[in-house]
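Work through the exercises below with the sequence and model open. Try each task before reading its solution.

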Amino acid sequence: MILTYQIINISDLNNIDFTQVCETSAETIRKSVDETLFTIKWATEPTFITDGTVTPVQTLSHQNCVILMSTPEWQPNEE
Amino acid sequence: MPLSINSSTGRIDTSASTVGTYTVTYTTSEGSATTQVTIQDCFTNTKSLSFDGVDDRLQIADSNTFSFGNGTSDSPFSVSAWIKTETNGKGIISKWGGNPSGYEWIIFIVNNVVRVALYDAHPSHNQRREGNTTVTTGEWINVIVTYDGRGGSNANQGIKIYINGEEESSYTDSGAGTYVAMHNTTRPVQIGAYNTAANFNGNIDEVGVYNAQLNQNGVNAVYNNGSPTDLSAITTSLVAWYRMGDDDTFPTITDNKGSNDATMTNMASNDIVNDTP
């Protein structure tokens, strides 16, 4: 199954229908270090994307999302 | 059926019998004799979990089972897992992070080697040790970490890291702040991540947690010449065992030793895959 990864503004968190994405809930999402962004992933485009309720900041392949996650903006220090 | 005998051949049909020990009595015209027959489960490993390196992880509720310090002294523990990393593999298993806050221990991949870090309640009070074996992406390896529970300012010297049954030939030790012992916090355990980030990219299989320091014999038994095996048959110090897909039903990954089941978080049922060591 090919998944699409998207970066979303934290201000859109309440507009995410978690039944349409792989993320379990608002409590389990991965946020950027500064907590202004978070990730979602899906196989079928969610209606909240299709109808423009949420406009992604960025749309990525899995490989490119993994690369993004290793940057300082997303990767907290161990300590 | 408890014990099934093929009426034509007189042989025991193991596939139709229930696991257990039975007394079989043979009766002939000249008398009878008894013998014990034990039907055992045959260990098979056909599944692992695939982690995406973004937000996939297993979440296990906090339990004293996974805490090995009381703030004053540490106690021994060990962790074993089979892993296959892709790029940027990070957290293998941890009891570390914020919200709820708790900083106890992390086992992870950093700079392509295995690092273990123990924490005295705070991120900046730690004892760390990392091995020297480069973890090759795309290859299954067995990782076993043991700790003798010594605590104190040389706690990292009580850590041993084994890759495919062999202890690392050299270590790099580091630490920060003051370390006396780990604390028993409410932080959940995570497999495939720490701190809800630093997510593992690749596969993890057959994760065992032990409340003792495995010795070389124990390590050899777990590694089993490169073939995953029944961890419950090796040592009574096993306190948690996750088969990572075998006999599991999404989203629950059963603890086959204790009662601390794990939940697949931000994952899908097809993250249970047929890719094993």
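Rings of Phe, Tyr and Trp (its six-membered ring) pair if their centres lie within 6.5 Å; planes under 30 degrees apart count as stacked, over 60 as edge-to-face and the rest as tilted. This is a predicted model, in which local features need pLDDT of at least 70, side-chain atom pairs count only at pLDDT 80 or more, and totals for chains, interfaces and linings use all residues. Residues are numbered from 1 along each chain as its sequence is written, chains are lettered from A and ligands numbered from 1 in the order in which they are written, and side-chain values use heavy atoms, with hydrogens and water left out.

**Exercise 1. Aromatic pairs**

Task: Find how many aromatic pairs the whole structure holds, then classify the pair B:F68 and B:F77.

Solution: 
1. Search all chains. The count is eleven aromatic pairs.
2. Take B:F68 and B:F77. Their ring centres are 4.3 Å apart and their planes meet at 5 degrees, so this pair is stacked.
3. Check burial. Buried means under 20% relative accessible area, exposed over 50%, and partly exposed in between (1.4 Å probe, protein chains only). B:F68 has a relative accessible area of 2% and is buried. B:F77 is buried too, at 2%.
4. Move on from B:F77 to B:W105. These two form a tilted pair, 5.6 Å centre to centre, with 40 degrees between the planes.
5. Helices (H or I, at least four residues) and strands (E, at least two) are DSSP runs, numbered from the N terminus. B:F77 lies in strand β5 (residues 77–85) of chain B and B:W105 in strand β7 (residues 102–110) of chain B, so the pair ties together parts 28 residues apart in sequence.
6. One aromatic cluster is formed by B:W96, B:Y103, B:F108, B:Y119 and B:Y194.

**Exercise 2. The nonpolar core**

Task: State how many residues the largest nonpolar core has. Then list the contacts of B:M244.

Solution: 
1. Set the rule. A nonpolar core is a set of buried Ala, Val, Leu, Ile, Met, Phe, Trp, Tyr and Cys residues joined through side-chain atoms within 4.5 Å.
2. Recall the background. In soluble globular proteins, nonpolar side chains tend to be buried together.
3. Count. The largest nonpolar core has 44 residues. Those with the most contacts inside it include B:W105, B:Y242 and B:M244.
4. Follow B:M244. Contact means heavy atoms within 4.5 Å. Beyond its neighbours within four places in sequence, B:M244 touches residues including B:L49, B:L58, B:I191, B:V207 and B:I253.

**Exercise 3. B:Y210**

Task: Is B:Y210 buried or exposed? Which residues does B:Y210 contact?

Solution: 
1. Locate B:Y210. It sits in strand β15 (residues 201–210) of chain B.
2. Read its accessibility. B:Y210 is at 0%, which counts as buried.
3. List contacts, leaving aside neighbours within four places in sequence. Among them are B:F68, B:F77, B:V79, B:L231 and B:L238.
4. Check one partner. B:Y210 and B:L238 are 28 residues apart in sequence, yet 4.2 Å apart in space, C-alpha to C-alpha.

**Exercise 4. Pockets and a cavity**

Task: Describe the largest pocket and the largest cavity.

Solution: 
1. Set the rule. On a 1 Å grid over the protein atoms alone, a cavity is a set of points where a 1.4 Å probe fits but cannot get out, and a pocket is an open set with protein on both sides within 12 Å along at least five of seven lines; lining residues have an atom within 4 Å of a point. Grid points are joined across faces, edges and corners, and a volume is the space filled by probe spheres set on the points.
2. Take the largest pocket. Its volume is about 520 Å³. It is lined by 22 residues, and A:E35, B:G98, B:N99, B:N195 and B:T196 lie nearest its centre.
3. Take the cavity. There is one of 30 Å³ or more. The lining is B:V79, B:S80, B:A81, B:I92, B:I107, B:V143 and B:V145.
4. Assign elements. β5 and β10 (141–147) of chain B each give two or more residues to this lining.

**Exercise 5. Backbone features**

Task: Where is B:P251, and what is the phi of B:N111?

Solution: 
1. B:P251 lies in the loop between β16 (238–242) and β17 (252–253) of chain B. A cis peptide bond joins B:F250 to B:P251, with omega about 5 degrees.
2. B:N111 has a positive phi near 50 degrees, though not a glycine. B:N111 is exposed at 66%.
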